[in-house]
Amino acid sequence: MYQYDDYDRALVFERVAQFRDQVERFMAGELSEEEFLPLRLQNGLYMQKHAYMLRVAIPYGTLSARQMRTLASIARDYDRGYGHFTTRQNMQFNWIELALVPEILERLAEVEMHAIQTSGNCVRNITTEAFAGVAADELIDPRPLAEILRQWSTINPEFLFLPRKFKIAICSAEQDRAAIMMHDIGLYLYTGADGQMLLRVIVGGGLGRTPILGLQIREGLPWQHLLSYVEAVLRVYNRHGRRDNKYKARIKILVKALGIEAFAREVEEEWQYLKEGPAQLTGVEYERVASAFVPPDYRSLSDTDLEFGTRLAENPTFARWVSRNVQPHKVPGYASVVLSTKPGIASPPGDVTGEQMDVVAGWSEQFGFGEIRIAHEQNIVLPDVPKADLFALWSRACEHGLGSANVGLLTDIIACPGGDFCALANAKSIPIAQGIQARFEDLDYLHDLGDISLNISGCMNACGHHHIGNIGILGVDKNGSEWYQITLGGAQGKHSALGKVIGPSFSAVEVPDVIERIIATFARYRESEELFVDTLQRIGLEPFKEAVYPKVLEVSA
Amino acid sequence: MNNLLRLEAGEARIVADDPWTLIRDIEAEQPAGQLIVPLARWLEDPQQHGVWLGPDDEVECLKPWFAQLPLIALDFPSFRDGRAYSQAYLLRTRLGWTGELRAVGDVLRDQLSHMRQCGFDSFAVREDKSVEDALKGLAGMSVLYGRSVIEPRPLFRRR
């Protein structure tokens, strides 16, 4: 993991002091609400329905056991005993008192964490996939460049008041698990013919009110130009992005208005002034940062473990968990484990108690190298578990409510906090998720259905990424009451697609029935082991619409 | 008095005797003395006055006049509008403006250090705010990871 040096440490502590002063001035009435707003947002602090919410950055979803224990202590000491993992690999605390925020930030700074730029119209947390550095299908470890970008974008004075928020993701594996097509800038890192690291640069993706997949503006950019190229994109955006309407202010709208060719020309023109300048990355800097991400001291293990094999054969419940929650590792004898935060009614998607955080920290040390990842699907990943330890880990995970064998299944629901917490939401998300999870409790049936992603957002802002769920649910407001619009056919990864609306929206109580009809339609038309998305692709939306809205014509006739 | 801070030889000081008057309304009767006028008005007679640009104005058009321009001001219609940071970067780094670069408009303590990093060297703090208090915002933080107008080398070249 990246370790702070004196610069990093000085920056986070100075930032705490600066924000402490700003909070005091606000509370003393020297700063107006309007003046304080962007200051608190750029320190991760939102005003929610009931209280302030603090969003803590987990850069590219990586944290140490010690950091996880600190999050647990914050959950206990400053919140109601739990925290919420977000779809951008961060953690949110929902019940925070403003006057205590500087104290919390100081506690974070002591373990090399912060909440800088987790909100506001600036470059947000840089994300990558949860399996970076360990995935069997990885090309290059994306974390060194992610950390370099994190540093460069932190308090970069020219780009703190952009037209709108700005999200950057980087990925370098066969599968795109970082959703790079859905970011303001998506970076795909790969190896060129001569062995050089190259970047494919994608811009203008994003969900929200106007969901758009990103478009490529650059292929084969040598990695040394990463910062100068991103700077060029940001300068063009900062100068020309719309500021008159917050719903048209994301870079995707500018790219759409100019057209991708014209936008790319503007960027290239700007970049001509920057390339080969001081922003050009050096091998020394890359090595300095990359040295923090060298592989840990893996033991030399056999790829097949006899005891593990026996457990698999003897215990079908364990085997089922392994089939869903265990991912291949690049080192023989090891695996990556996904601990599901989606147990169903017991707890909302992404919510984890302080006690659970503590035990996860312990497992990361006992069964790994003290490192933990957060997946954008809101689950927790232990990246380096010997196969021989999987059974022991699974047993403990089950005792602590983290052993649900549902990763990638219908009940592995991605959901924003929704109307229960969020001031922006039109509708609640959590009861919808729980209604669906309650309806689909039969694990055998769920496993038979195979991979189906279901995403719920409580409003247009799309924090639950509903557009890219195979099944998407969007909360909408109709004359003051909560309704839910359903989309089908969204997908993330290399075959990213945006879902299509199937028809008029539903009330909360109707949603589980609707999902059941959609699933029944899939089961009816499915050929052998076909995936939900493939069946949908093959038969189209019509059979699903007919199943969901069978009586509409008769009733209205 | 203009509620003005200015950097002189790296030192910030409160300026009590600033001679400039910012003209926003060109229809109104113009006072005597040294004026900072909007770009469109200034281009009609570029021989005199200082000029201020709004965030939509193109800074490149001033280049031919640098030799005789006494001052350029960039307007922050709202402190949340960050375009003037990029305009300042372009004026300083690309176009080579070395004269006074003044921030006007919604200029507040908590953004002053960003403005300074982007090359502003005078700051007309919003009228209702204390300039003594704003002075505390100018220094900012000791660490800059990336680069800026006043520190063109990113931290990785300064380690």
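Modeller: Start with strand β14 (residues 380–386) of chain A, which is mostly covered: seven of its seven residues are buried. Keep in mind that this is a predicted model.

Biologist: Okay. Which way does strand β11 of chain A run against β14(A), and over how many bridges?

Modeller: Antiparallel, over five bridges. β11(A) spans residues 334–339. One pair to look at is V338(A), whose bridge partner in β14(A) is V381(A).

Biologist: And what about β13(A) with β14(A), parallel or antiparallel?

Modeller: Antiparallel again, with two bridges. β13(A) covers residues 371–374. I374(A) sits opposite I380(A) of β14(A).

Biologist: How many residues lie between β13(A) and β14(A) in that hairpin?

Modeller: Five. In the turn, Q378(A) has a positive phi of about 75 degrees.

Biologist: Moving back along the chain. What do β7(A) and β8(A) form?

Modeller: A hairpin, with five residues between the two strands. G195(A) in its turn has a positive phi of about 85 degrees. The strands are residues 185–191 and 197–203, paired antiparallel over seven bridges. Y190(A) faces L198(A) in β8(A).

Biologist: Which residue of β9(A) stands opposite I202(A)?

Modeller: Q216(A). β9(A) is residues 215–222, and β8(A) pairs with β9(A) in the antiparallel sense over five bridges.

Biologist: Next, the sheet with β15 to β19 in chain A. What is the strand order?

Modeller: β15-β16-β17-β18-β19, an open sheet of five strands with mixed pairing.

Biologist: Why is one side of β15(A) and of β19(A) left without a neighbour in the sheet?

Modeller: Because β15 (414–415) and β19 (500–501) of chain A stand at the edges, each with a single partner strand.

Biologist: How many bridges join β17(A) to β18(A)?

Modeller: Eight, and the two strands run antiparallel. β17(A) is residues 471–478 and β18(A) is residues 481–488. K478(A) has S481(A) of β18(A) as its bridge partner.

Biologist: Which helix lies across that sheet?

Modeller: α14 of chain A, residues 430–439. It lies across β15, β16 (454–457), β17 and β18 of chain A, and runs at about 155 degrees to β16(A).

Biologist: I also have A523(A) on screen. Which helix is A523(A) in?

Modeller: α16 of chain A, residues 511–525.

Biologist: Why does A523(A) count as partly exposed?

Modeller: Because A523(A) has 13 C-beta neighbours inside 10 Å. A residue is exposed at 12 or fewer and buried at 20 or more. Also, the C-alpha atoms of A523(A) and T535(A) are separated by 9.2 Å, with the two residues twelve apart along the chain.

Biologist: How is chain A split into domains?

Modeller: The assignment gives domain 1 (6–59 + 80–110), domain 2 (134–291), domain 3 (306–400) and domain 4 (414–548).

Biologist: How far apart are the C-alpha centres of domain 1 and domain 3 of chain A?

Modeller: 31 Å. Their contact takes ten residues from domain 1 of chain A and nine from domain 3 of chain A.

Biologist: Switching to chain B. What is the order of its eight-stranded open sheet?

Modeller: β2-β1-β8-β7-β6-β5-β4-β3, with mixed pairing. β2 (11–15) and β3 (20–22) of chain B are the edge strands, each with a single partner strand. The twist averages 25 degrees from one strand to the next.

Biologist: Are β4(B) and β5(B) parallel or antiparallel?

Modeller: Parallel, joined by three bridges. β4(B) is residues 34–38, and β5(B) is residues 50–53. V37(B) stands opposite V51(B) in β5(B).

Biologist: Which strands does helix α2(B) lie across?

Modeller: β5, β6 (71–76) and β7 (100–105) of chain B. The helix is residues 83–94, and runs at about 160 degrees to β6(B).

Biologist: Last topic, the contact between chains. How many residues does each chain give?

Modeller: 29 from chain A and 26 from chain B. On the chain A side, α1 (6–27), α2 (33–41), α5 (143–153) and α6 (226–240) each supply at least two residues. The largest share, seven residues, comes from α1(A).

Biologist: What classes of residue are on that side of chain A?

Modeller: 14 nonpolar, seven polar and eight charged.

Technical notes
Residues are numbered from 1 along each chain as its sequence is written. Chains are lettered from A and ligands numbered from 1 in the order in which they are written. This is a predicted model: local features need pLDDT of at least 70, side-chain atom pairs count only at pLDDT 80 or more; totals for chains, interfaces and linings use all residues. Two residues are in contact if their C-beta atoms, placed from the backbone, lie within 7 Å. Helices (H or I, at least four residues) and strands (E, at least two) are DSSP runs, numbered from the N terminus. Ala, Val, Leu, Ile, Met, Phe, Trp, Tyr, Cys and Pro count as nonpolar, Asp, Glu, Lys and Arg as charged, and the others, Gly among them, as polar. Two strands pair if DSSP finds at least two bridges between them. Axes are lines fitted to C-alpha atoms, for helices over the stretch in contact, and angles run from 0 to 180 degrees between N-to-C directions. Domain bounds come from an automatic or database domain assignment.
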